[in-house]
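Have a look at the sequence and the fold, then read on.

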Amino acid sequence: MRVAERKLMALSESVTTCLSPAVHYVICELGFEKKDTYDINNIVSENGEICWQAITDRVCYLESGQSVDYIKSIRSLGPVCESVNLHFKSLTKDQFVAQYALWFQWTNYTELFLEVFDVLQHTQTTEIALGLMKLTSHLERALGDVYLLIGKDCPFLLKDLLASEELTVIFGQAVMNVLRVFVGSPYGLNLRNVLWHGFASPQEIPVKYCAMLLFLTAGLGQLLQTYLLQTKCVLIHRPYVTLISLEELNIFPDLSHETLSLAEELVKLSSFVLKTMLPFWIAALTAFKQGRYADCMILLLPQLEAGLRLIFTATNKCPNRLLTAESSAVYTTFDEMLAKQLNNEEINQLPLVLEEPTMEFLWDFLNHQEGPRIRDHLSHGEINLKAFPREVANQMVAFAVTLLCRFSDEDMVAFKEHVVIKPLMNCASCYRSRFHPISLLKKQVLECMKSIHLWSELPIVPEEQVQAIKGFPFVLYTSIHKRFEGNAEASTFVLKTAEILSQLQQYMPQNCYSPDDPVNSDQTDRLLIELCNMHICTLYSPRSVLEILVVLRKISTQCHQVSEQVIASIELRYKQWINKTLRSRQRHNYLRMLNSIKFLSPVLRLILTLITLELVNIHLVYKKNPFDYQQYLKSLLEKLDISEIMFYRQHSNNYIEVHPSHQNTCQGLFKFARSLSSPHLLKEFQSSPGLI
């Protein structure tokens, strides 16, 4: 066994808590110091009406009288929490529903809070932690809905939401201070964060705090009802986030029962798993087997963070950061662990250990704005837990299995080579980003290419019917993809297209382009596919690269919109032609459109080629000096303006004709395509590619 692996294994077995001494004291001991009992009748009536003043009076303040003294408040509220916990244990499910169910309706997820009551009756530590994570995330979501009664942009962080003036107006400052003792403040218990970031083990979360938060949620419902009656406002719930493009997430094969059984063995042996967190891993795998996919993810994601934090602290030689930070420092979370540099500007060693495919997977599923961002959506209560897709859970569990295998003893080679594990390892080792802007631009280009390809299947008016139209001055090209032959305008277009591409040929893959036939659609499609298959590094793209990608994606989007508009327009006009519902002017416009798109198809393909060539050289952008970069960006923005004009002309049936005379159609189309190859680029081509 390598020395590093041996040390990691020893560390994963020796760590008994990820809570720093101060945080451990606050969560596990402080609220138990006062042994006196608190009469539940002081804070709740027989019919479940909560007396908030009896609770807010237990909150202590610093000498200034404005800031909460969190230490004294937690100590003071400890007996109240215990009393609430015992109160709930004394109730049957029917009694609890009768007294409290009504007051959870404001959360838009009453059944979840009723489930938390069930969990409290059994006090199984892992289930308590799971219930608390679900409760805090959906409480945050509900509070965000309340915020929007009078506010506009809901704060993203719970601590900012609880400190907002809007919630203070609705619930009162004293009530918000009570909530901040339990969640949202790094100075308080901060239960949400220590659980969702994987710091707290199951046995470190007192049951009574889960009971208290359930109780407070009902109390907030009572206060809110009073506010709504007084103001005549209506609480509107935001819709859940829906995870789309699930086919894009299909990386690993479907997990079989045998694979899950092996995973249960792996978690007991892998150095990626802190032994104190083992119950979470077992519970996550059990939830997956039971079809509780949201529960599986809520349990698993914090443990992935805890395991990666173990590797992070070991590789960067900062073992103290394995523990929760104090209130004056920042937690070591996914955001920092996946970054290129540490806070001290030293290079983060974790990406070097995990390697590029693993880093790209983590960025795709957790960070990229257009990716699923599973942890963010779950932890902020934005996903419907009842409809969480199995496909997503399957991918995350499979990925976790590969990490368990990678960070294990050399003696466990039998696991890694197992017939059901090896395919997972192979998938993980060749993963490429799917949600980075670079990957998304590739996808856009190929989708646009497919859209243009559909033009060849569009219906065309029979030529004999065209001949019968009086006053139509042009010869109709009866096939949209007919070769350019016997037409001077077309020949000029072909020559100028060949001129552009010949200057770029040295940057194209071999055997993908022939200058003898520059407008051949099959050749262009092969070239685009080959270019999009080229690997381009996505990790840690500088801001300048991301800015350029935004513009290139907008140009690509406009091209796709033009193509879709062509398809829709031709299908509609052809149907109207056959049904003889077109006026004379509309018939002429329709025939002009058919002639125009004869040139538009290769122009769009040319634009896509230029965009894609630009993409494969995108990382040359950040090597430019500020002046050259700004000139380049300005040039691209001008091309974007032209592409937008191109779309709107097509959308308004102007068919990209610059002048009424059809003789100028080719020049107009070529002007757009040619403008993408700016003189600024052509002067620099001999020294460096990478500018449209």
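Let's start with one residue and its neighbours. E336 touches F312, R321, Y331, L342, N343 and N348, leaving aside residues up to four places away in sequence; touching, or contact, means heavy atoms within 4.5 Å. E336 sits in helix α16, residues 334-337, and with 8% relative accessibility E336 counts as buried. The cut-offs here are under 20% relative accessible area for buried, over 50% for exposed and partly exposed in between, with a 1.4 Å probe and protein chains only.

A word on the source: this is a predicted model, where local features need pLDDT of at least 70 and side-chain atom pairs count only at pLDDT 80 or more, while totals for chains, interfaces and linings use all residues. Residues are numbered from 1 along each chain as its sequence is written, and side-chain values use heavy atoms, with hydrogens and water left out.

D376 is another charged residue to look up, found in helix α19, residues 374-379. Is D376 buried or exposed? D376 is buried, at a relative accessible area of 17%. Not counting residues up to four places away in sequence, D376 touches F156, L366 and E382. L366 is 10 residues from D376 along the chain, and their C-alpha atoms are 7.4 Å apart.

Now zoom out. The protein has 31 helices and zero strands; these are DSSP runs numbered from the N terminus, with helices (H or I) of at least four residues and strands (E) of at least two. Of its 692 residues, 57% count as buried. Among contacts with a separation of 6 or more, 76% join residues 24 or more positions apart.

What about the nonpolar cores? A core is a set of buried Ala, Val, Leu, Ile, Met, Phe, Trp, Tyr and Cys residues joined through side-chain atoms within 4.5 Å. The largest one has 164 residues, and F88, F182 and F388 have the most contacts inside it. Helix α15 (residues 293-315) gives the largest share of this core, 14 residues. A second, separate core of 58 residues includes C448, L527, L610 and L636.

Two helix pairs are worth a look. Axes are lines fitted to C-alpha atoms, for helices over the stretch in contact, with angles from 0 to 180 degrees between N-to-C directions.

| Helix pair | Axes come within | Crossing angle |
|---|---|---|
| α4 (residues 70-89) and α12 (residues 207-231) | 8 Å | roughly 80° |
| α23 (residues 437-453) and α27 (residues 543-578) | 9 Å | roughly 20° |

That makes α23 roughly parallel to α27, whereas α4 and α12 are roughly perpendicular to each other. Angles under 35 degrees count as roughly parallel, over 145 as roughly antiparallel, 65 to 115 as roughly perpendicular and the rest as oblique.

In the α4 and α12 pair, residues including I74, C81 and F88 of α4 meet residues including V207, A211 and F215 of α12. By class, this contact has 11 nonpolar, two polar and two charged residues. F88 touches A211, L214 and F215, among others.

Helix α6 (residues 110-122) has buried residues too, including F113, F117 and L120. What covers the buried residues of α6? The cover includes α4, α5 (93-100), α7 (125-147) and α12. Just after α6, T123 takes a positive phi of about 50°.
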